[in-house]
Amino acid sequence: MEKFSGNYIDCYEKKVSVQQIYQMYRERRIVFPEVPLMKRYKKIERVSGIVEIILLGFALPTIYVSERQDGSLLVLEADDRLRCLIEFLEGNYPVRGLEFYPELDGWGIEQMEQQFPRRASWLLDYRFSFLIIEYTTPRYMHMQMGNYIERWNFTREQGIRNKLYEGDLEQRLHFLEQKIGKSASFFSKAALNRQYMVLRILMYHFVRVGEMTEWGESLNFQQLLDRSVVLILERDNQWLDETADAFREATEEILEWEQGTFFYELEREKGKERQAKTLGYIYNVVWMCRKRGYIIQRGLEQAASDRELWKMIENEKVSIACIRKHFDMIEERLQ
C-alpha cells in the first residue's frame, strides 16, 4: 500500500455575532496582524459596503482564523473587512454612499442605535461564519492556507507570520532588515516586506550550508520557511550580530555591483516573487565568495552571466533539491 502524506488542516466552523466579535476583540481574544492599513476613505468605503450587505440580509463569505496557543484567534483576511467593521463599531468611521439606505449617510453606530435601534440590533446580531484552524495544526499549514484561499502579498504574509509564531521573530527580523540600510533601493520601504525578504534569503542560506538536512528532502515551500523560523529563533545574540553584519556587507557589495548591471531590474521587481528568488541567491553568492576568498564583484558577475540558470531559478518550484542544484551550478561558475 502506498504511503500517503499526513499533512492535514484541522479546523471547525463557528458562528459568531458581530457583538460577540467586538467583545472578543476588546478582550484581545481576537487579534489582527500588524500590517499597513488602507487610507481612511478606503476604510469608509469598505465598512459601508459591509454594513449595507448585512442590512440587506446577504451572507458574507467565511472568515478564516488561526487559533493561537493562548486561545486567541488571529484573523486571516486579505481585505480587512472585519477590522474595518470593528473600527466602525469603535466610532472611528461613518458609513457613506449606501445605495439602499441613503438615510444613514454620514452616520456612525451610535446614531444608528439612537435613530434606528432595530436596524442597529440587526447589524450587531449578524453572525459571521468563522472557519477556525485549530492550534494543533502545524503552523506552516496555517500559512499555506493563505496560498490556497487569500493570496496574501508578502507584507501581509509576514505580518500574519509574526503574530502566528509570536516569540521574538519580528524583533530579530526587524533588527536584520535594519542593517540592510535605506540606500538599498531594490528593497521595499515596507518593514514587513523587508523582513520577509530577509527570511527568504536566510532560508536559501540554511539550505546551502546543510542546516535543513535533518528534516529530509520532501519539505515544501512553507515548511522550508517554517524550519527557517525555527533556526532563527534558536540562534543566540552573537549569531544575530554576525548575521546583521553579513547582511550589511553583502548589501554594500550588491549595491556597488548592481549600479553597473541593473541585474534583472531588482528595483522594479521589489516585493515580488521573482525578486525574492533572485535576492535569495545573490546574497548567498556574496557570502560564498567571501568564505572562499573570491573577488566578490567578479563572483556576482560570473553567477549573473548564466541566463539559463536564472531562467531555471525563476521557473522551478522552491524546494531543497532545486535550491541545492542551483547552488551547485553557481559554484561551478565561481571556480
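**Entry 1: helix H15.** I checked the length of helix H15 (residues 320-334) against its residue count: at 1.5 Å a residue, its 15 residues should span 21 Å, and the end C-alpha atoms are 21 Å apart, which agrees. The expected span is 1.5 Å times one less than the number of residues. Helices here are DSSP runs of H or I with at least four residues, strands are runs of E with at least two, and both are numbered from the N terminus.

**Entry 2: source.** I noted that this is a predicted model, where local features need pLDDT of at least 70 and side-chain atom pairs count only at pLDDT 80 or more, while totals for chains, interfaces and linings use all residues. Residues are numbered from 1 along each chain as its sequence is written, and side-chain values use heavy atoms, with hydrogens and water left out.

**Entry 3: the sheet.** I found 5 strands in an open sheet of mixed pairing, in the order E1-E5-E3-E4-E2. Strands E1 (11-17) and E2 (30-31) are the edges, each pairing on one side only. Two strands pair if DSSP finds at least two bridges between them. Strands E3 (residues 63-67) and E4 (residues 73-75) run antiparallel and are joined by 3 bridges. I looked up Ser66: its bridge partner in E4 is Leu74.

**Entry 4: packing of H15.** I listed the buried residues of H15, which include Ile320, Phe327 and Leu334. Buried means under 20% relative accessible area, with a 1.4 Å probe and protein chains only. The buried residues of H15 pack against helices H9 (191-208), H10 (221-234), H12 (273-292), H13 (296-304) and H14 (307-315), where contact means heavy atoms within 4.5 Å.

Methods:
Buried < 20%, exposed > 50% of the residue type's maximum accessible area, 1.4 Å probe, protein only.
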